[in-house]
Amino acid sequence: MAHKILIVDDEPNIVISLEFLMKKEGFEVAVANDGDEALAKVASFNPDLILLDVMMPKKSGFEVCEALRADPNRTGLQIVMLTAKGRDTEVAKGIALGADAYVTKPFSTKDLVAKVKEILAR
Amino acid sequence: MKAKYRFMLAVVVLGLLMTGPFVVTSLLVWVDMKDAERTMLTELLLSRLPIGTMMTLFGFALGCLVLHKLFKQYVEGLLRMAETLRLMLGANRNFRVSLVDGPPEVQQLARAANDLAQQRDVLMDDVDAQIARAKASVEEEKNRLAALMSELAQAVVVCNLDGRILLYNNRARLQFKALAQGPTSTSGGALIGLGRSIFSILEKNQVQHAQDVINQRLAGGKTALANFITTLRGGQLLRVQMVPVLAASEGAEAMSGFVLTVENITRNIEQEARRDQVLHSLTEGSRAALGNIRAAVTNLIDYPDMEAELRERFLTVVGDEVSAMSQRLDQTMAEFSDSMKTRWPLEDILGIDLIAAAQRRIEDKLKLPIKTEELDDALWVKADSFSLMFALVFLASKLQDHYEPRELRFRLSSEGKLAYLDLIWAGPAMSSETFYTWEMESMQVAGETTPLSLREVIDRHGGEIWYQREKAAHRAYFRFVLPVAIPEAVHDEERVRGSNRPEYYDFDLFNFEDQSIDLDRKLSDLAYTVFDTETTGLEPSKGDEIIQIGAARIVNNRLLRQEIFNQLVDPECPLKPESIPIHGITEEMVRGQPNIDVVLPAFHEFCEDTVLIAHNAAFDMRFLQLKEERTGIRFAQPVLDTLLLSAVVHPNQESHKLDVILERLGITIGTRHNALEDALATGEVFLKLVPLLEEKGIVTVRQALEAAEKTYFARIKY
């Protein structure tokens, strides 16, 4: 069965590419545009992996990540954080809060796909 | 008349007294006698002459002995006492005449003298106490100024119009020490010192130009102030601000000196340059690539039906350029991440100092006990300590309100360029929602408020904060991430030496201009270097070498304990085991130290423009002179010897060893037989000798040199 990926980002221009790419790779894809929607989609869509942007309205990526990590039913969920800032302090925070990987924009799509596959294969 | 001649005269008188009356009586009797009586008497006398002469000679010898004894006890004893009394009058008030030797009359005199001295001391103490009270307030103000100066974070130097340094603070000393080039660094900041010229550090022309600017502004009634930036030999950039010291007298304002505030801006300039570079590489560097992409994309949009091959080529252009741009961005960020950090001014602070301060405040304000776990005590962080402290106390009070922990703990660690400061407590899990509200609200602790939120404080530091649980230990912590700082210079060294107020200032130097060594100037007017050496042995000509040079400066009649030269020297030959207990310097201590070829030029620079002083100077000078040929360094300045000067002042004392002189002059010092300590002791001795020499009419350096040469000790030693 294909893995399920939830894409969480408020920028449609990157969502379109990510959605296209992940579908091409054979994943089942859902999209959320802010933090609150992301938490709702996790409950309904039950993804294996989230591509989570940090800077979002309503709830930041950090908050979503913390909320998900606090949920004992979601221990198997993999979280890959995406950010346009990429400061070392932020990376440290993301990893400390339980993200499995931290990817800085702009990124190579090829590398992102490789990373997602690698994490799902763990 | 000298005591010696008087003694000889007394002997002659004794001889006359013993023979005179007999000869005169005989002569009178002789004249009165008849011839027969005379012949009889001659016969009688001649036969008894040997025994008579013997008796007379014996009596004379006995008389001489008694006379000598009396002379020793009364005349010389009194002479010695007179010297001691002079000592009590001048150099050492607490000295007392010895009561044990001498006849009872002299002893009584001694006792009376001591009693008088005692009475005088009581009176003097009383006067001293009154003067001290009067002086105290003046001194306190001076001290306040000195303390203020020495603790200032800016480097401050005050000079007279000649550019001679009258005052500098600790910051200035550290800053210039860090800038010292080459072998000068072995001298421990020889460049800066009271009475030294500022022009050895700063360009003379620039300083004088700034003076001119100030004079003009003064004349024009404007704020007297001048700024300049100067480059040092090592390429370091200093920003200097000059304000005048105005003479208090007369109607027109005239400059009598100037205050320089010095800031090393090399780092700031470098950082600015790096920021410019980043900006440049992100703007100019992206222009061409963006142009290529734009052209290709426009073509693709405008001509949707172009050939497949051409279309493919345009797409390749877009792909290549975009990946190149991403790469450049990553590279720039990696290289310049430090320069991109926030511009809020942060200070370098030792992590444990920050924690200690927070601990005090939390315990004080919230009555909440604080403990510490593992702390990296060598970790420096960049912080705005006030706002950070506020944030820590704020979080502690929030925790207290919500979870009532029994205690809080601090932990400090680091990973690469990031420092982790953790505030730990034991208790139930908190919701991250709660923490996010805390992060955003304006902080408020025990009546104190700030418009800042925790988030803003963290952003100022270019840092991060988060909440994390240690499930196994049933506790949680807030982790502050702060940038690690590399401290600029050694901040705290040498606080130990001279725990009393540092001698960083001397306002009497305002009128102290010419520094050249003129032998006819007063002893108290010149600048001196007192020094001492430790050596492998006592025979320089047989290969003994210098292993330590210690020196201090005397300026304006003050021993400057902060301006010292203290350097071990590698003798490049094995130490003699029997000498090690004397100087306490071991093989390990000298190995790896600079050799004499490096140390001597630095010491020479330290002594520049000063008269040298040493105890038994001939010995130390011999070692220095033997190196003249090899190093090309000549110590041509005049040399004063405290051993000889002591002999000039107290010719009747038997010993002029340093220890004995120290005791005689009432100087107590700590350890000895370390070149620096001995040099300092010699300096103290010299300062005590100056007024004693003046009493003897020896006022100038030339007179002191001549008197020293004439002493008994000089003749037997050389």
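**View 1. Asp532 and Gly550 face each other across two strands of chain B.** In this predicted model, B:Asp532 stands opposite B:Gly550 in β16(B). The two strands behind this pair are β15 (residues 528-535) and β16 (residues 546-555) of chain B, which run antiparallel and are joined by eight bridges. In a regular strand, side chains alternate between the two faces of the sheet.

**View 2. Stepping back shows the open sheet that holds β15 and β16 of chain B.** Five strands make up this sheet, in the order β17-β16-β15-β18-β19 (chain B), and their pairing is mixed. Which strands stand at the edges? They are β17 (558-568) and β19 (639-641) of chain B; each has a single partner strand, so one side of each is left without a neighbour in the sheet. From one strand to the next, the twist averages 25 degrees. Look too for helix α15 (residues 617-626) of chain B, which lies across β15, β16, β18 (611-614) and β19 of chain B. This helix runs at about 75 degrees to β15(B).

**View 3. Helices α17 and α20 of chain B cross at roughly 80 degrees.** Here α17 (residues 642-649) and α20 (residues 701-710) of chain B have axes that come within 9 Å. On the α17(B) side, the contact is made by B:Leu644, B:Leu645 and B:Val648, and on the α20(B) side by B:Ala704, B:Ala707 and B:Ala708. By class, the contact has six nonpolar residues, no polar and no charged.

**View 4. Helices α1 and α2 of chain B pack together.** Helix α1 (residues 3-32) meets helix α2 (residues 35-89) of chain B at an angle of about 155 degrees, with the axes 9 Å apart. That angle makes α1(B) roughly antiparallel to α2(B). The crossing of α1(B) and α2(B) is right-handed. Among the residues that meet here are B:Phe7, B:Leu14 and B:Trp30 in α1(B), and B:Phe60, B:Leu67 and B:Phe71 in α2(B). The contact of α1(B) with α2(B) divides into 13 nonpolar, five polar and two charged residues.

**View 5. Another open sheet of chain B has the order β7-β9-β10-β14-β13.** Its five strands show mixed pairing. The edges belong to β7 (370-375) and β13 of chain B, each with a single partner strand, so one side of each is left without a neighbour in the sheet. The twist averages 25 degrees from one strand to the next. At one end of the order, β7(B) runs parallel to β9 (residues 408-415) of chain B, and four bridges join them. To find your place, look for B:Leu375, which stands opposite B:Leu412 in β9(B). Helix α9 (residues 385-403) of chain B lies across β9, β10 (418-426) and β14 of chain B, at about 20 degrees to β10(B).

**View 6. Chain B meets chain A.** How many residues does each chain bring to the contact? Chain B gives 16 residues and chain A gives 13 residues. In chain B, the elements that supply two or more residues to this side are α7 (308-340), α10 (432-440), β13 (464-470) and β14 (475-483). The most come from α7(B), with five residues. The chain B side has six nonpolar, seven polar and three charged residues.

**View 7. A right-handed β-α-β unit sits in chain A.** Its parts are β4(A), helix α4 (residues 88-96) of chain A and β5(A). The strands β4 (residues 78-83) and β5 (residues 101-104) of chain A pair in the parallel sense over four bridges. Within this pairing, A:Leu82 stands opposite A:Val103 in β5(A).

Conventions:
Residues are numbered from 1 along each chain as its sequence is written. Chains are lettered from A and ligands numbered from 1 in the order in which they are written. This is a predicted model: local features need pLDDT of at least 70, side-chain atom pairs count only at pLDDT 80 or more; totals for chains, interfaces and linings use all residues. Two strands pair if DSSP finds at least two bridges between them. A crossover is right-handed if, with the strands pointing away from the viewer, the path from the first strand over the helix to the second runs clockwise. Two residues are in contact if their C-beta atoms, placed from the backbone, lie within 7 Å. Ala, Val, Leu, Ile, Met, Phe, Trp, Tyr, Cys and Pro count as nonpolar, Asp, Glu, Lys and Arg as charged, and the others, Gly among them, as polar. Axes are lines fitted to C-alpha atoms, for helices over the stretch in contact, and angles run from 0 to 180 degrees between N-to-C directions. Angles under 35 degrees count as roughly parallel, over 145 as roughly antiparallel, 65 to 115 as roughly perpendicular and the rest as oblique. A crossing is left-handed if the near helix is turned anticlockwise from the far one by less than a right angle, and right-handed if clockwise.
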